[in-house]
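Open the viewer and have the selection tool ready. We will go stop by stop.

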Amino acid sequence: MNKYKIEIVTDADNLSRRAAEIFVDLASRAINEHGIFSVALSGGSTPKKLYALLAAEPFRSNIEWTNAHFFFGDERNVPPGSDESNFRMANEALFSKISELPPENIHRVAGEKAAVDAAGDYEQELKDFFRNELPRFDLVLLGLGADGHTASLFPDSPALEENVRWFVENWVEKFNSYRLTLTFPVLNNALTILFLVAGADKSEVLAQVLHGSEKNYPSQMINPTGGELRWLIDQAAAADEIR
């Protein structure tokens, strides 16, 4: 893994607050520099706390919502009302609370469609938004699974080898189902990639991802081509990192 920056905070609550500070700073910087802020969101309990903070003061009033565009790094192959939907989580925690956010700035994956159609449609939406150039998100939020996966790029899944398509349907054997996900060429083209990692159950895999001599985990394939890689970790997850 190439150069990266690690920041360790005391607990999950402080991790979410620090992530909100970073989010606001990057949004402000991006809008000042090129007029919009594009972000790919992640699912899970840790980002949910972040999204709830962004919808509340003091963070809410420090974001120019009309110039922020929200995409998803991955999604489940489920309808938007499903408990498993990343969109539903983000909508309940964030989007529905921000009246200033134009609906067209929310770029949802149509997870209710057949996986191949959902992936193809979202890839076209990315092409339309980024004018057929490889997407360069201002911020990509990522998590780390206990198996070393990130987004919906799981160990031994076919999307790990994808280097042409931007967004794919990825068959995940252990779930016996498709997941929908951005691919490494898009993720690694981001200006900032921010991993959010909390909990003692992540400490062992985190140490392996950061310091392992072999690339055994999908998360180790996150290497920005010209951007910044940041890890925001709570002390429980960092136990093996700081030992």
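Two strands pair if DSSP finds at least two bridges between them. Helices (H or I, at least four residues) and strands (E, at least two) are DSSP runs, numbered from the N terminus. This is a predicted model, where local features need pLDDT of at least 70, side-chain atom pairs count only at pLDDT 80 or more, and totals for chains, interfaces and linings use all residues. Residues are numbered from 1 along each chain as its sequence is written, and side-chain values use heavy atoms, with hydrogens and water left out.

**Stop 1: the sheet**

Select Phe 167. Its bridge partner in strand 7 is Leu 182. Now show strand 6 and strand 7 (residues 177-182): they pair in the antiparallel sense over 6 bridges.

**Stop 2: helix 1**

Which residue caps the N-terminal end of helix 1? Select Asp 11: a side-chain oxygen lies 3.3 Å from the backbone nitrogen of Asp 13. At the other end, Gly 35 follows helix 1, and its phi is positive, near 90 degrees.

**Stop 3: the core**

A nonpolar core is a set of buried (under 20% relative accessible area, 1.4 Å probe, protein chains only) Ala, Val, Leu, Ile, Met, Phe, Trp, Tyr and Cys residues joined through side-chain atoms within 4.5 Å. The largest one has 77 residues; Phe 37 and Phe 70 are among those with the most contacts inside it. Helix 1 (residues 12-34) gives the largest share, 10 residues.

Notes: Buried < 20%, exposed > 50% of the residue type's maximum accessible area, 1.4 Å probe, protein only. Polar contact = N/O pair within 3.5 Å; in protein donor to acceptor, adjacent residues only side chain to side chain.
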